Amino acid sequence: MLTEPPFDPFGPGRWQAQWIWSAAEPAAGQFRRTVAFRRRFALDAVGSSVPARVCADSRYALWVNGQEVARGPVRINPRRRRYDVVELAPYLSVGENCISALACFYGRPTAWWMPAATLTSEVRAGGFLFETRLDGATTLVSDERWRAELLAGWSDGPPVGGVVGRGPELIDLRSLPAGWLETAFDDSGWGEARVISGAGMGEPGNPHPPNYPHGPYQPRSVGFSRPQRIEIPEAGDSYQSGRVLAGTMVVDLEGPAGAEVVVSCTEFVGGDGASSHGEALGFTVTLSGGRRRVETFDVYGMQEIKVAAPPGVTVHSMAVNERLYPLSGHASFACSDPRLEQIWQVGRRTVSLCSFDAYLDCPTREQRAWTGDSVVHQMVDFATNGDWRLARWHPVLAAEPGPDGMLPMAVAGDAEVSDIAVIPDWALHWVHSVGNLWRYGGDEEEIRRLLPVVEGVLRWFDPYMAPNGLLTDVVGWVIIDWASVYTEGACAALNGLFGRALLEFAAMAEWQGDAGRAGWARAQHQRVVDGFEALWDPERGRYADNMVAGRRGLTASQHGQATAIVGQLAPAARWPRLIEVLTDEAPLVHAAFNVPDGEATPNMGAPPGGAYLRQGHPDPWWDVATQVVRAQPFFRYVVHDAVRQAGRADLIPSLCLDWTVALERCPTSWTETWFGGTVSHGWSSTPTRDLTVSVLGVEPAEPGFAVARIEPELGPLSWAAGRVPCGHGFIEVRVDPEKLEVTSPIPFRHGDRLYPQGTHTIGRPA
């Protein structure tokens, strides 16, 4: 188990350590480079605490006396560099010790790493940084006394294209002898580490951080993964895990030197070693002769592994070191319907599969930190994980506005570097994640730092607000979700999300005592309210999806009705009718633009629909006068929020049962859309949040969760029970039609009464 110091003992200021790298030159045209480092030293005694901090550009893995200590650092824009603080005492011993590390520089942007934009600094082609205090006074730092070996053949192939954005990892064991982690290993043949310095224009540079462009240096804000070794059994001509796993691959191989073994990871059993988009994911190992166990540097997600090996090579075993963000506190949900219990568990597992140093869209294909996807992951963590650090970190990570105030569609990777598109609605979902952070975390300084970014996002929309008050002809990729939602002109769903964001910004600004900005946001919201009435179709009793050149569109969706409620753009008297439109099954239709001539039936295996992004929206094939387009799993969080906001939380258990159809495609993790895509998409995990927040009814009553609100809604269930994190421990709830039993470490509100912390049994009216 990894040990983490309870605080950062180093603080700001110059490091004593220096950036180091190998003095050897990489092969011509080589982008990815890997350097092995070692540093031996002797100790007369080991203190109770030996803190160290470590960083790398791009990634590192650290061992002490052969035991893995940490991998990092977290993904982030290099101008906001983060380092890791680790505790070394459990790994040290009296006598000879050795610190070993692998540091990888990717050279070109990946889904999880972006290069620094500089031509002057030496810290632009790889670097490793380490500093520890061995006895409170004596320091051991990265400098020229370390041994460094540039590993020939440890590189990558060209990116395969498409959405994956990565090439195969190449590992040549001939350049890294077995036993290199051992203290007694002879590293005399390795070169001395080269000290490198950072230098910006107009400064001489300094090898002691902070230096340009990696700054300011701050400690890591999230926990470390705790790797769990999972052996993968053989199944005919492949290895099959039985469910999606995500982590570093561990392969035990034996064969002649120079033999190349190609390992392919696939999300779907029976595939061809490719992802759901047909793009190969995997790695190639070149053997050094004899038997070796090798672990990849990169993370892979898969259910099936295929191996292509020449004659004379034996694969003794295949395993995954799962490296998911840790769960804490044993949150739970149980009820009278075992289907909902399974749905809760699958959602919790799916979010874990997408939680590393950030919230990812999926581990099997992209591994990008998308700005909007993460709102569901965050809400699931707040409701089911005692460790809220990642839920609090991701909004900070994604707060990377451009000069115009808009956020990248995905951050700290190739999407932010290329800036190929913005997704305006994703930025509005990010605003909601800041609102969640306010409600659950309640940290004034945290919100104060984020509110200017929120305001910048909202003001980005100013030029698109037409005289009628509606956002119209907004540029960028207005995705909403993968359903057939027409967004041209004035889009109902986009305006609804904008309305919600304005109200959340106003509430947070008022909480901070900023009446001016709150007033501006509420005035903008009223303009949208006034304009939104033009989208109301009185004949059909619903909101149209869009309006072009003053003409209301013919199509309608759950998206437009739900955002009319959550954005408080529709009059409250109209909400009951909107709930009918949202929940009446008969008119709802599965429509997706990637299936242009018929229903996108559940589990048909179709890709999400990227083709229409270039071709434009096809004409609707369904009866637009009577049918309403269903939301895909991601946007269902907004639909469910609307149902709750309209006072119908009793409908949530039945709505969550819609996910039973997705269990047919994969019973252990959630599909990206009802009809296809990956089966490891955290954004589809809304029921896990809802069964906790709506059925058990536990959520903050005040910012910071100083007081809870507990208002269970069983709907058709005969009972429900669970444990819910609140930032001060766990709230335990059990409810049936006759009574509510609560054990809470904090005061809570139920009905019109405030209850003190402790255990209470409360009768429920018939």
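Q: Which residue just after H15 takes a positive phi?
A: Gly697 does, at about 75°. Helices here are DSSP runs of H or I with at least four residues, strands are runs of E with at least two, and both are numbered from the N terminus.

Q: What should I know about the model itself?
A: The model is predicted, so local features need pLDDT of at least 70 and side-chain atom pairs count only at pLDDT 80 or more, while totals for chains, interfaces and linings use all residues. Residues are numbered from 1 along each chain as its sequence is written, and side-chain values use heavy atoms, with hydrogens and water left out.

Q: Back to H15. How many of its residues are buried?
A: Ten of its ten residues, so H15 is mostly covered; buried means under 20% relative accessible area, exposed over 50%, partly exposed in between, with a 1.4 Å probe and protein chains only. Among them are Pro687, Leu691 and Val695.

Q: And at what angle do H12 and H15 pack?
A: H12 (residues 636-645) and H15 (residues 686-695) pack at about 20°, with their axes 10 Å apart. Axes are lines fitted to C-alpha atoms, for helices over the stretch in contact, and angles run from 0 to 180 degrees between N-to-C directions.

Q: Which residues make the contact?
A: From H12, Arg636, Tyr637, His640, Asp641 and Arg644; from H15, Thr686, Arg689, Asp690, Val693 and Ser694. Contact means heavy atoms within 4.5 Å.

Q: New topic. How many aromatic pairs are there?
A: The count comes to 35 aromatic pairs. Rings of Phe, Tyr and Trp (its six-membered ring) pair if their centres lie within 6.5 Å; planes under 30 degrees apart are stacked, over 60 edge-to-face, and the rest tilted.
A: One of these is Trp388 with Tyr440, edge-to-face at 5.6 Å centre to centre and 85° between the planes.

Q: Where do Trp388 and Tyr440 sit?
A: Trp388 is in the loop between H2 (374-384) and H3 (389-397), and Tyr440 is in H5 (residues 424-440), 52 residues apart. Trp388 counts as buried at 9% relative accessibility, and Tyr440 is buried at 11%.

Q: What about Tyr440 and Phe705?
A: Tyr440 and Phe705 form an edge-to-face pair, 5.6 Å centre to centre with 75° between the planes. Phe705 lies in the loop between S34 (698-700) and S35 (708-710), so the pair ties together parts 265 residues apart in sequence.
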